[in-house]
Amino acid sequence: MSEKLTFPAESAALLEPRLPPKLGLESTSRPFVTLTFATSLDSSLSLAPGVRTRLSGPGSKAMTHYLRTRHSAILVGVSTVLADDPALNCRIAGASSQPRPIVIDANLRWTPRRSDKVFEVCRSGAGLAPFVLTGVDASDLPATSVELLQEHGGKYIYVPAARSESTGRLRFDWNDILAALQAEHLSSVMVEGGGQIINSLLDPAYHSLIDSVIVTIAPTWLGQGGVVVSPDRVTDTAGVPLPAARLSQVSWHPFGEDVVLCGTLRD
């Protein structure tokens, strides 16, 4: 079993203004949304698509697991699941609850297996089974995958999806994603990755849905060709480029060799 992590109380206090209300105080409208990820100095999440890349040092890694104790769900895209086989649990010592993993898999690319880490930690009592959000009708879901999820306490959840004209793939609207989480009584969610998920949420149309942004910046360059955090270009009516997003109410906190940037997309 993985070693338990600790996060100093004084460090936790620095982050408190950025976090949702204590678990159990549920929102009445939509889940509290925290966008959080680790990036290199050249804004890369990984060396290349599908390549697992460790960026966080011990201090910021413990911070991430502490953040998980303060959210009722953690959300990742299916590409992260396929590339990393993540456990999607919390390893902070003394944690009284585990967040619910949410996997965005509109096109049903992931075939769950008993050997996946997320199910191993579930069977050991150290995590929860995932809820998989998909645009595929229930009648078309593989029976073995449905049974495996249900055996561990997870499930598929249908979310309305639109088909992309450029790729032909199904895509979700973030309002529909959050509505699905709200229907499951999940009052807060950490959006952790990967690149497509983060960049889609950073679209200006969704800024009002993001309550807090917490970014770990590692002191390294990964080089060209990596998976980059960079939302689509924004222009004015004349076609002149504009900044896609800018944080306000910014604070910076060093954790080991990493620096954590906190802010909000609201004024």
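Are Asp211 and Arg30 buried or exposed? Asp211 is buried, and Arg30 is buried too, where buried means under 20% relative accessible area, exposed means over 50%, and partly exposed is in between (1.4 Å probe, protein chains only). The model is a predicted one, so to speak of a local feature takes a pLDDT of at least 70, side-chain atom pairs count only at pLDDT 80 or more, and totals for chains, interfaces and linings use all residues. Residues are numbered from 1 along each chain as its sequence is written, and side-chain values use heavy atoms, with hydrogens and water left out.

Salt bridges come next. The structure holds 5 of them, a salt bridge being a side-chain nitrogen of Lys or Arg within 4 Å of a carboxyl oxygen of Asp or Glu. In one of these, Asp211 pairs with Arg30, with the closest N and O atoms 2.9 Å apart. Asp211 sits in the loop between α7 and β10 and Arg30 in the loop between α1 (9-15) and β1 (32-39), so the pair ties together parts that are 181 residues apart in sequence. Helices (H or I, at least four residues) and strands (E, at least two) are DSSP runs, numbered from the N terminus.

Another bridge joins Arg114 to Glu151, and here the closest N and O atoms are 2.6 Å apart. This pair links distant parts of the chain, 37 residues apart: Arg114 is in the loop between β4 and α4, while Glu151 belongs to helix α5 (residues 143-152). Arg114 is partly exposed because its relative accessible area is 41%, whereas Glu151, at 51%, counts as exposed. Lys155 and Glu184 also meet through their side chains in a salt bridge (3.0 Å, N to O). Again distant parts of the chain are linked, with Lys155 in strand β6 (residues 155-158) and Glu184 in the loop between α6 and β9, 29 residues apart. Both ends come out as partly exposed, Lys155 at 30% relative accessible area and Glu184 at 26%.

A cis peptide bond, with omega about 0°, connects Gly193 and Gly194; Gly194 is placed in the loop between β9 (188-193) and α7. Leu88 is not a glycine, yet its phi is positive at about 55°. Leu88 lies in the loop between α3 (78-84) and β4 (100-104) and counts as buried because its relative accessibility is 5%. His185, also not a glycine, has a positive phi near 65°. This histidine is in the loop between α6 (174-183) and β9, and with a relative accessible area of 56% His185 is exposed.

Lys117 lies in helix α4 (residues 117-123) and, at 34% relative accessibility, counts as partly exposed.

As for His207, this residue is in the loop between α7 (195-201) and β10 (212-217), and its 14% relative accessibility makes it buried. His207 and Pro241 are 34 residues apart in sequence, with their C-alpha atoms 18 Å apart in space.
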